[in-house]
Amino acid sequence: MPPVINDESCVSCGICIEVCSEDVFGGVEEYPVRAKYPDECWHCGACVIECPAEAIKLYVPLPMRV
């Protein structure tokens, strides 16, 4: 599953775009932010950790859980 962004909480800072190592949000100029390439998400959690508004939730697929 791709990162889920709460539109009401998102402050459109763009930090998630900058920290994403897989460019999941790549090329997004409109706000609130959307995952443009959701299949590229590796579920690392960098966007969740860095979001100052806590607007991003990440649901890790069951096979990836330890």
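The notes that follow start with the whole chain and then move to individual residues. Please bear in mind that this is a predicted model. The protein chain has two helices and two strands, and from the N terminus on these elements run β-α-α-β.

**The chain as a whole**

- Of the 66 residues in the protein chain, 27% are buried.
- The protein chain exposes about 4600 Å², and carbon and sulfur atoms supply 54% of that area.
- Among the contacts in the protein chain with a separation of 6 or more, 44% are between residues 24 or more positions apart.

**The salt bridge**

- The structure holds one salt bridge, in which the side chains of Asp7 and Arg34 meet at 2.8 Å, N to O.
- Asp7 sits in the loop between β1 and α1, while Arg34 sits in the loop between α1 and α2, so this pair ties together parts that are 27 residues apart in sequence.
- Both partners can be found with some surface showing: Asp7 is partly exposed, with a relative accessible area of 38%, and Arg34 is partly exposed at 41%.

**Ala35 and its surroundings**

- Ala35 belongs to the loop between α1 (15-19) and α2 (46-50), and it is partly exposed, with a relative accessible area of 23%.
- Which residues does Ala35 contact, leaving aside its neighbours within four places in sequence? They are Pro2, Pro3, Val24 and Phe25.
- Ala35 and Asp23 are 12 residues apart in sequence, and their C-alpha atoms are 9.0 Å apart in space.

**Cysteines**

- If you are wondering about disulfides, the count comes to zero, with a pair of sulfur atoms needing to be within 2.5 Å to qualify.
- Cys10 is in no disulfide, and the nearest cysteine sulfur, which belongs to Cys16, is 6.4 Å away.
- Cys20 counts as buried, at 18% relative accessibility, because the cut-off for buried is under 20%.

- As background, most residues other than glycine have a negative phi.
- His43 has a phi near 60°, a positive value in a residue other than glycine.
- You will find His43 in the loop between α1 and α2, where it is buried, with a relative accessible area of 15%.
- Glu54 is not a glycine either, yet it has a positive phi of about 55°.
- Glu54 lies in the loop between α2 and β2 (56-57). Is Glu54 buried or exposed? Glu54 is exposed, with a relative accessible area of 65%.

**A nonpolar patch on the surface**

- Met1, Val4 and Tyr59 form a nonpolar patch on the surface, and together they have about 300 Å² of accessible area.
- Met1 is placed in the segment before β1 (4-5).

How values were computed: Residues numbered from 1 in each chain as written. Predicted model: local features only at pLDDT ≥ 70, side-chain atom pairs only at ≥ 80, totals over all residues. Heavy atoms only, no water. Patch = residues over 30% accessible without salt bridge, like charges linked within 9 Å, V, L, I, M, F, W, Y side chains within 5 Å. Areas by Shrake-Rupley, 256 points an atom, 1.4 Å probe, with all protein chains shown as cover. Salt bridge = Lys/Arg side-chain N within 4 Å of Asp/Glu carboxyl O. Helix = DSSP H or I, 4+ residues; strand = E, 2+ residues; numbered from the N terminus. Buried < 20%, exposed > 50% of the residue type's maximum accessible area, 1.4 Å probe, protein only. Contact = heavy atoms within 4.5 Å.
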